[in-house]
Amino acid sequence: MKKTEKILHLKSCRGRKLRVVREHYLRERVPCYSGLCQADCDNTGAKVLPGDLTHYVVPDVAVVLDYLEVLEFRELRGVVFTQTACQAVQHVKGRRQYNRLRNLLKDPQHDCVLFANEFQEYSYCPREKGERQEEWQTRCVYSTAVWYYNHLAGMKDVVMITEDQAAAARYGSLNAGVYVISVRDFLVNFLPELTAAHDLYAAVSQALQEEESEVAEKKEFAEHLPAEVLEAGVKSGRYVQVQLPVHLRAGFVTAEGLSTKNSDLSWGVLVCGAKNRNRAVHGDVVVVELLPRGEWRGRDSALSRLSDPESTGRVVGVPQRNWRDYVVTFPPREGPQAQSRNTQRLLAVPWDHRIPKIRVSTQQADALQDHRVVVRIDSWESSSLYPNGHSVRVLGRAGELETEVQTILIENGIHVPPFSDAQLRELPASSPERPWAVDAAQAAQRRDLRRSHLVFSVDPLGCEDVDDALSVRRLAGGTLLELGVHIADVTHFVAEGSLTDLEARARATTYYLADRRYDMLPAVLSADLCSLLGGVDRYAMSVVWELDAQTLAVEKVWYGRTLVRSSYQLHYELAQALLDGGAAEVPELRGLGPAERDARLAELTGALETLTRVARHLRAHRDQGGALELEGVEVRAQLDEQRNITALVPRQPLEVHETVAECMIYANHWVARKIQEAFPHQALLRPVPPRLHFIAIATCFGEKALADSLDRAVDPRDPLVNRMLRIMATSAMSQAVYFSTGLQSQDQFYHYGLALDRYTHFTSPIRRYADVVVHRLLTAAIDVDEGRDPGRAVASNKDLEETTRHINNKNRASQQAQKLSTELFQCLYFKERDPQSDQRCLADAVIYSIRDNGVLVFVPENREGQVVANGEGGLCEWQSGAVRRQSDHISTTSSCGTSTFRLFDHITVCVSVRSTHCHADALHLEAVSNRPHRGAEPKRPGAQGRSQLVQEVVRLAEEASQQAREKAARRPKLSREEREFSQSQTPNLYSLLEEVRELALLDLEAVSQVAAATA
Ligand SMILES: [Zn+2]
């Protein structure tokens, strides 16, 4: 090792220059992370560049600073990032961009490595006297390129890419095998097919040029204060630092995350208007200064109670930008459009109302009109009314189904590319000709239940991903009952840290949209190897209880890995028919003789009956503990052989649903106990605090009625009102979050909805990553019991906290995307109808909250079976007239007389669609009368109403596919993007809209929105 001195000239984020002298140690051996290394570099345990590349790429510092997003394309392989460039990113671009680079370096799917060039004796170049920093950095990078070429003994050509033309000229012909070219030349020569990268490069470089040419105009905003001033101000309590959520009209910063002792701020601080927001964008971390009391304001928004003036402030600094990808729409050229000096600069309107308009420089101004485009913000100078950005890729024409679905995904940060080949190669193969088979060594380590236990599953019809199966039998001459819950052993196939695991973790959940789903795991696992299908051997994780046959008290619990073969793959209706003793044909018993068939049918029915008895007992036990009756929220997609969704199946009110659910709740509860006892500080649980338990109900009743019991406050004869309340409570609870036990005290573990002291998710590892984590914890707990080392299976409390935060975020995104896609289809349905004349636009609704100038309503299906969700928070607008509010009712007076609307009244609303060009369409509700809606004749399915609907929808579907064909012919360039994103097949609009009619899921969503607003 050689010691030298290194002089650093750092530019702080405040713009001050610092000269730092550091001791600098040089080594001969610094890992090169190349698979071709013959020099014994210690490349173990790290990502290594594969040997099959034609060349390595070494980007210059400025390229890494400005074009990192171009370097992020996976098609760019063999990229060597220099330590010099990484440090520059950290200093110049800040933590966020630096983390982005680090994530790229960690991403196993991207062939790039970090080389510590400044520690390598032969690649290091000390800065010369008078040498400019940029020149020196470029020399360092070039020196690295040369080092690689020599280190690999000329086996690999090295391409350095730089935007510095002088450097390209100077170094270009210095060494054979080391090429120095511009980014554009690189893309043109080496990646001619990658048009997305070419377009992105053009957009970024244009944005950079614009930035440079921008002359300082008059200031539109106050300058942000220097970092040290902000820091000191926050410390002294003069300023507060918060993450900014901007609401539609006024930015209201919640008290959450406020680190201040100032009692004025206990309820948060209001930031009103663009000037006070001072270039802060939704999601940014900002520092706020309070305005003098005389300038405080009240919050105002439609249909909310007016508030007194609150603490109001203005943004004085933005310590951290949290800009993401935004979907924007380029308005039509003839429309109202602020054009700046340069005609190539367009003002694009973000889909998300909370984001300001973004000025985008583009050479495709005409082509982008009316399209939804993904853009990124580059900067927002104080001289500019709008932030500057560049376009990343085009999603398609606004208003088209596929474009709108992709918009929903991107706006919710959902990234679901097709599973990569590298990932699929990790998994065992299975095909109809050569099905996967159980491994003998693995089987020997497992408890074999194939002959001893009658295992069966009960799922919605056509379910492919069978997460769970059940068994029940009598032991010890009938004095004991043995209940078994068997769950797909996903973690056997998905090793921690594997590519499949990383992708599953990134997704965190399977996403169900109204017309499609995006699986968390590849189909070979979710629909085959992990799925507990009938008649085949499968690995499972099991929980087996021995219960006293009389009292059903638990005598013993066993957890472990098993080998099962499900005998029956039942669906709910069939299982219920067996229980009811009706005629039911079990497919698995076809072709058997009558005697054998009857015997096996009796065995199966007996097992179902025993399960029902056990479940009723468990349920009664929980009810005593105060469990709330929940409306099922689960909806599963029903698929045909081609994996097209043929139906979305809501939970039906059959007892067997509750029976299966109860067994799963029981397994989740016992696994929660087990992992929490084994790892008191590192278990993943899912509690429901009492706050959420009551939120929805409080929304309905207000403070006064909250004290009354649910039963007394609600008319028990109105099933609709009862259902509404259950749905509201359930949806409030679905906002429950996962957490690590190390973070909270034990009294926080209670699940109030289920009345259980501990609860987690264990039973759906195929479609929830939380369950995968819990399976690993359970495995580790079993290992500890049996005296084995649990190894690294147990994450630290901190890592687990990070994981739970990620999963909670993705779950929120998933719920939001599902809600938005459902609304999208509802809007498609109602857009075709004229609310003035079409009776189908009228619906019955129930009032659940009275506001100053309106009511919030719940809209269930009307008599024709149509379902509509509420628009903005169930907002219901008055057509005309003066409005007066009393405590429990509201009256409107117009020329036609006075109408009164009371809490829990049924009223008639008219549903219409409000179209906006740049944002999502929204359903709009209008109160038509204060009487319940009486639809026309109640129609049975198959009657006239249905066939009309079918015709209507078929017409729509044909038009849609016609448009899709025209679109494909018109713009072939887009089809690649479209392919990239649509993982499932083009939706069958006809079947979808039929399902939208009946889906009970929909009402739920509106309610959760209200609950969220109250939270
Ligand atoms: Zn090496």
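## Helix packing

In this predicted model, helix α2 (residues 83-93) packs against helix α3 (residues 95-106) at an angle of about 150°, and their axes lie 7 Å apart. Because angles over 145 degrees count as roughly antiparallel, α2 and α3 are described as roughly antiparallel to each other. On the α2 side the contact is formed by C86, V89, Q90 and K93, while α3 contributes R95, Q97, Y98, L101 and L105. By residue class, the contact of α2 with α3 consists of five nonpolar, two polar and two charged residues.

Helix α1 (residues 61-71) is mostly covered, with nine of its 11 residues buried. The buried residues in α1 are V61, V63, V64, L65, Y67, L68, E69, V70 and L71.

## The zinc site

The zinc ion is coordinated by the SG atoms of C32, C37 and C41 together with the NE2 atom of H151, at 2.0 to 2.3 Å. The angles among the four donor atoms run from 101 to 115°, and the site of the zinc ion is tetrahedral. Along the chain, the donors of the zinc ion follow the spacing C-x4-C-x3-C-x109-H. Of the coordinating cysteines, C37 has a relative accessible area of 18% and is buried, and C41 likewise counts as buried, at 15% relative accessibility.

## Two residues with positive phi

Most residues other than glycine have a negative phi. Against that background, Y33 has a positive phi of about 55° although it is not a glycine, and its place is the loop between β2 (17-26) and β3 (55-59). N278, which is not a glycine either, has a positive phi of about 45°. This residue lies in the loop between α9 (273-277) and β11 (285-290), and N278 counts as buried because its relative accessibility is 2%, where buried means under 20%.

## S566 and H453

S566 is situated in strand β25 (residues 554-571), whereas H453 is found in the loop between β18 (447-448) and β19 (455-459). Although S566 and H453 are 113 residues apart in sequence, their C-alpha atoms are 9.2 Å apart in space. S566 also has a C-alpha to C-alpha distance of 7.0 Å to S457, from which it is separated by 109 residues in sequence.

Not counting residues up to four places away in sequence, S566 touches V455, F456, S457, L532, L533, G534, G535 and V536. With neighbours within four places in sequence likewise left aside, H453 is in contact with R447, S471, R473 and E482.

## The protein as a whole

The secondary structure of the protein comprises 28 helices and 37 strands, and 53% of its 1015 residues count as buried.

Notes
Residues are numbered from 1 along each chain as its sequence is written. This is a predicted model: local features need pLDDT of at least 70, side-chain atom pairs count only at pLDDT 80 or more; totals for chains, interfaces and linings use all residues. Side-chain values use heavy atoms; hydrogens and water are left out. Donors are N, O and S atoms within 2.8 Å of the metal (3.2 Å for Na, K and Ca); water is not among the atoms, so sites may look incomplete. Four donors count as tetrahedral if all angles lie between 85 and 135 degrees; four count as square planar and six as octahedral if opposite donors are over 155 degrees apart and all others between 65 and 115; anything else is irregular. Buried means under 20% relative accessible area, exposed over 50%, partly exposed in between (1.4 Å probe, protein chains only). Axes are lines fitted to C-alpha atoms, for helices over the stretch in contact, and angles run from 0 to 180 degrees between N-to-C directions. Helices (H or I, at least four residues) and strands (E, at least two) are DSSP runs, numbered from the N terminus. Angles under 35 degrees count as roughly parallel, over 145 as roughly antiparallel, 65 to 115 as roughly perpendicular and the rest as oblique. Contact means heavy atoms within 4.5 Å. Ala, Val, Leu, Ile, Met, Phe, Trp, Tyr, Cys and Pro count as nonpolar, Asp, Glu, Lys and Arg as charged, and the others, Gly among them, as polar.
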